[in-house]
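Hi,

Here is the structure I promised to pass on. Have a look, then read my notes on its charged residues below.

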Amino acid sequence: MRKKLTAVLLAATMLLTSGVTVFADRVDAVIDKPYLALGADLSPQEQMTVLSLLGLSDINVDDYDIISITNADEHEYLDKYLDASIIGTRALSSVLVVGKEAGNGIHVTTKNISYCTEGMYRNALLTAGIEDADITVAGPFSISGTAALVGAIKAYETMTGEEIDDENLDAANDELVLTGKLVEDIGDSEKAEDLMALVKQEVAENKLTSAEDIQNVVDQACDQLDIQLSEENQKQIAELMKKIEGLDLDVDKLKDQAKDLYQKLEDLDFHVDKESVGNFFTRIIDAIVKFFQGLFGK
């Protein structure tokens, strides 16, 4: 169940880049233009339910860019990330994305999605590089939402002819799955979301590259948020943040797209211990210099 829900994030990720305002410098962005991905296995009644949840009961389909996604499409795109048995045999979930003016930020609403929280989706969408959009994820009943991912991928490829960078896609998917694991272990979705956002901010802001530095930030953030994690969980977070560091995320954009979240984190007054976190190679050079200074009595 947990892994299947990761597809909804990816759906929003890909769908957002299908022509909606995503990056501020996109000259072809369409503001207030709705994009909709529907699972091909929705029955007529289920489709009516989904459209109603998305606030589209009386829509004229000709006014929307609508993509139908099959379960075969799901497996084609998702088998790389999820076990085939987890992906399942029916494509049901749907995602509606509306691009907004700069400064709107990312807002996520879920309907009949029982596992992933709105905050989990938003955190991962930020990792994917999404900006300024209102996103609604829905199912005809409580479901995982794998079809939405494929809808996003096909929307992007067929509408823009572009592709989301594989590294961003992988990191965003990894983040959502791992956050779900943390929620189960911590028992507090808000703390898990805060931890991910806080560590991501510090890694990006301080341009941390070494596994040691990233692990130190994870340890310090856990202490700050009063979170107890297993060694395996801490290792997984550090590995994820290594991926995220390679994406060169803009911290100012993160804060702009999720103002309420990052304002809350600022109120924590969290400061990385610079003595334990810094450029790995710089610390090696400093250690060598100090060694020779001690050796020659200087």
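A residue is called buried under 20% relative accessible area, exposed over 50%, and partly exposed in between (1.4 Å probe, protein chains only). Keep in mind that this is a predicted model, where local features need pLDDT of at least 70, side-chain atom pairs count only at pLDDT 80 or more, and totals for chains, interfaces and linings use all residues. Residues are numbered from 1 along each chain as its sequence is written, and side-chain values use heavy atoms, with hydrogens and water left out.

Now the salt bridges, meaning a side-chain nitrogen of Lys or Arg within 4 Å of a carboxyl oxygen of Asp or Glu. The whole structure has 11 of them.

One of them joins K255 to E266, with 3.9 Å between the closest N and O atoms. It connects distant parts of the chain: K255 belongs to helix 11 (residues 251–257) and E266 to helix 12 (residues 259–267), 11 residues apart. (Helices are DSSP runs of H or I with at least four residues, strands are E runs with at least two, and both are numbered from the N terminus.) E266 counts as partly exposed because its relative accessibility is 44%, and K255 is partly exposed too, at 22%.

Another pairs E46 with R90, the closest N and O atoms being 3.4 Å apart. Is E46 buried or exposed? Its relative accessible area is 15%, so E46 is buried. R90, at 39%, is partly exposed.

Finally, D174 and K243 come to 2.9 Å between their closest N and O atoms, and D170 is linked with them both in a network of salt bridges.

Cheers
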